[in-house]
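Me: I've got a new model open and I'd like to learn how to read it. Can you walk me through it?

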Amino acid sequence: MIDRRNFLAGTGVLVSAGVLPGLAVAKAGAQEFDLIAGPVRRALYEQQLSDLWAYNDIVPGPEIRARKGERIRVNFRNNLEEPTSIHWHGIRIENAMDGVSGLTQEPVQPGDSFIYEFELPDSGTYWYHAHNKSWNEVGRGLYGPLIVEERISTFDRDHDITLIIDDWRLRQPGVLDTDSFGSLMDWSHGGRLGNWLLVNGKSRPVLKLRGGDAYRLRLINASNARVLELDPNRFGGKVIAYDGKALPESVVLPYSPHLLGPAQRIDLMVVPDADFTIEEISGDQPFPLVDGIVDGISRTAQSTPSIPVNLIPEPDVTGARKVKVVMEGGAMGGFVDITYKGKRLEGEDFRKTGQSWAFNGIANLAEAPLFTVRRGETVLLETINQTGWVHAMHVHGHHFRVLSRSGADVDDGKPWRDTFLIGPEQTTEVAFVAGNPGKWLYHCHMLEHAAAGMTTWFEVS
Ligand code: C2O
Ligand code: CU
């Protein structure tokens, strides 16, 4: 296995990040976008071509940018050799558009098309990704940013920068390791971890910034399983949003590092006065992600913009519907007995299924929902992690408040999120108001864990 620090040492090339390629826009009721999924050969490392799957032939896929309150229509075509669908991560969406193969829609077959059309009720930093065998499809490149601007933009386009980060597993001589997709070792341990981090598909891109200007950096973790460790204080970044949901005011993080789990987002405001580097700091030596170069000085005195918050129904925990989820399994974890596809299995029999994790003793999607709730009811969801592993738990179609977390750092002020991290032996309580009717997933966003048992669903009627 290539060590990612050594790999890094091999490149001295700086590539300019610039602005992500956008999509042509046709105006008329809904903004229209075309997305085509298909195979492509692209370099992830130097000139070595990897076999990837991409939207519109680029990884990450094109940035979809629209405004809060608008409708978008995405004409999707599947040119892959396997079925797929697209999920719009973090959007409070109509259920039929949520893009979950096998739950909210039939997967789109090779050569077929599907039209996604929905409203964008909240501004913020979101993303879209494949949602059929995501461990494989997302891991090969099927994802892109979805940016919903405020009704009146707070940062202009030059000062609003998307940084979508992915953790690739390369093998010599620097190509995507496709043989290890589906490795049961990954599924029962920490998921598919890579050895090479790219931002906007590039190694260590350079941002040219004007000193004294305020910039919004939208960081998205598109990794299959890597929890990124970042320290915004090292470069003077203040937090303005978690998972796309703006905070009432920007905050300086009182702790380090900030853990950005798979699928999570953090928006930072940076007013640079000198060159800086954004780094992933988990290793013994930091891994540089992005270089900010101060190029010129602001001509105008800047006030730092503040971002209007979204109005999300406030959970009322008195009389809430209480739901408890006990997470178990994984390597070194023990099971008593587990139900998988409606059958009770023990020990070896369970292991032979390739499943490795369970919620409340049930591995993966069951026929019946975990719970049902009426629209407008508050759900108080208590998740108890009895595994020896960290997980990134995502509720589809809803934003929740993180009410309490035992153990580790709590993000300030009961923030709204759509994905939360939970460490071993931790318990986390989140609450949300049941929104649109339909079938919604609750799963671990470490995509190997989701495939190996950590997926359940609930129904809003
Ligand atoms: Cu971002 Cu079910 O996923
Ligand atoms: Cu997990």
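Reply: Let's start with a pair of strands: eight bridges join strand 1 (residues 30-45) to strand 2, and the two run antiparallel. Strands here are DSSP runs of E with at least two residues, helices are runs of H or I with at least four, and both are numbered from the N terminus. Two strands pair if DSSP finds at least two bridges between them. One of the links is between Ala-43 and its bridge partner in strand 2, Leu-49.

Me: Before we go on, what am I looking at, and how is it numbered?

Reply: This is a predicted model, where local features need pLDDT of at least 70 and side-chain atom pairs count only at pLDDT 80 or more, while totals for chains, interfaces and linings use all residues. Residues are numbered from 1 along each chain as its sequence is written, and chains are lettered from A and ligands numbered from 1 in the order in which they are written.

Me: In what order do the four strands of the open sheet lie?

Reply: The order is 2-1-4-6, with mixed pairing. Strand 2 (48-55) and strand 6 (113-119) are the edge strands, each pairing on one side only.

Me: How is the protein divided into domains?

Reply: Domain bounds come from an automatic or database domain assignment. Here it gives domain 1 (9-149), domain 2 (163-297) and domain 3 (321-460). Contact means that two C-beta atoms, placed from the backbone, lie within 7 Å. By that test, 13 residues of domain 1 touch 16 residues of domain 3.

Me: Is Phe-400 buried or exposed?

Reply: You count other C-beta atoms within 10 Å of the residue's own, with C-beta atoms placed from the backbone: 20 or more is buried, 12 or fewer is exposed, and in between is partly exposed. Phe-400 has 25, so it is buried. It sits in strand 30 (residues 400-405). Leaving aside neighbours within four places in sequence, Phe-400 is in contact with Val-395, Arg-417, Val-430, Ala-431 and Phe-432.
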